[in-house]
Amino acid sequence: MRKITYFMAIAALAFASCKSKKSSLEFASPGANQAVLKGAQVQLKLKFESVSMDSVAYFVDDKHVGSSTDTTAITVDTKDMAYGTRNISALVYNAGKPDSVSSTFYVVPENAKNYGFEVVNKYPHDTTAFTQGLQFADGILYESNGRYGESNLRKVDLKTGNVLKEIKFDEKTFAEGMTLVGNKLFMLTWQQGEGYVFDKNSFVKESSFKYENSKEGWGLTYDGQHLIKSDGSNKLFFLDATTGKELNVIGVYDEAGPVDELNELEYIDGKVYANVYQKDVIVIINPQTGAVEGRINLVGIYEHTSAYDNELNGIAYDQAGKRLFITGKLWNTLFEIKTVEK
């Protein structure tokens, strides 16, 4: 029998193809992109064209997790694995020659809690406001609105919907998510590759910051220490709250796998609330792990008058009054809601 060492296997994997045209190897378990609950055990098992082989070495994310000298599956525990895509591979030796195969599976959290809603209050909302960012502070709503040639940043009276202060942007700017950090307003642009920093009171632009690995600007919030940014993927990017420099990134997953198209964000009591693009749903995310822990179903809250460009988008929270506000692009109403666990 051939003795497999970790070093020898890694070296062989580096030179062997993932799955050559001549190879009939494939994983029988887990299935490609199968969702596996974190903490569960998962079997790594191959389908063999024949049982003529010397040994098999198995890897998860390039870490050697076990070997076998026959077709028996090995079992690995997912309790210490991070949420998200895990790359698995196997190196099979037959008559001294290696062949390799690879696949992936998802480590996912337990089922998220599901919430409905009750409408507590309704407030007027400007039907020309293509809402991208929403923030409540000191009795005032701050709102950033998108579209080329129509983008703006506003202070809005909650009760009347009247615009108290506004700056408009040039036709090359598509305003996106926005948040408050002390006396500064940080606002994203969609595809310009940079965000802007304004004085909260005067709306004077003070500086800007460049995007890095997150190529687009969608949603933005502040957790008291870092800016948290979405870019339309299933990722949340953590930025320096002074410079806008990217510091860290996590993927967001629910029980089915990655949750893509995360949009407008709000940080509420240790969790990130996120609109999901083109869905009447808000997901509640643990920012330490990326796990979706809750899901607010808002289907039916608003009667749409158009078939497009009217997505639910805009979450604001009154920390002092414990009030949750939501609205959408071009909606005529801003809602104060209460969540109800199902």
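Student: In this predicted model, which residue of strand 3 does Glu-26 stand opposite?

Tutor: Glu-26 stands opposite Lys-47 in strand 3.

Student: What makes strand 1 and strand 3 a pair?

Tutor: Two strands count as paired if at least two bridges are found between them. Strand 1 (residues 26–29) and strand 3 are joined by three bridges and run antiparallel.

Student: Which residues of strand 3 form its covered face, and which its uncovered face?

Tutor: Within strand 3 (residues 41–47), Val-42, Leu-44 and Leu-46 make up the covered face. Gln-41, Gln-43, Lys-45 and Lys-47 make up the uncovered one. In a regular strand, side chains alternate between the two faces of the sheet.

Student: What makes a set of residues a nonpolar core, and which residues have the most contacts inside the largest one?

Tutor: The members must be buried residues of the nonpolar kinds, joined through side-chain atoms within 4.5 Å. The largest such set has 20 residues, and those with the most contacts inside it are Phe-27, Leu-44, Leu-46, Val-56 and Tyr-58. Two or more residues each come from strand 3, strand 4 (55–60), strand 6, strand 7 (84–94) and strand 8. Apart from this core lies another, of 17 residues, among them Ile-268, Leu-312, Leu-324 and Phe-335.

Student: What is Leu-46 in contact with, leaving aside its neighbours within four places in sequence?

Tutor: The contacts of Leu-46 include Phe-27, Val-56, Tyr-58, Ala-90, Val-92 and Val-101. Each has heavy atoms within 4.5 Å of Leu-46, and therefore qualifies as a contact.

Student: Why are strand 2 and strand 5 called edge strands?

Tutor: Five strands form an open sheet in the order 2-8-7-4-5, with mixed pairing. Strand 2 (34–37) and strand 5 (63–68) each pair on one side only. Strand 2 is joined to strand 8 (residues 97–108) by four bridges, and these two run parallel; there Val-36 has Val-107 as its bridge partner.

Notes
Residues are numbered from 1 along each chain as its sequence is written. This is a predicted model: local features need pLDDT of at least 70, side-chain atom pairs count only at pLDDT 80 or more; totals for chains, interfaces and linings use all residues. Side-chain values use heavy atoms; hydrogens and water are left out. Buried means under 20% relative accessible area, exposed over 50%, partly exposed in between (1.4 Å probe, protein chains only).
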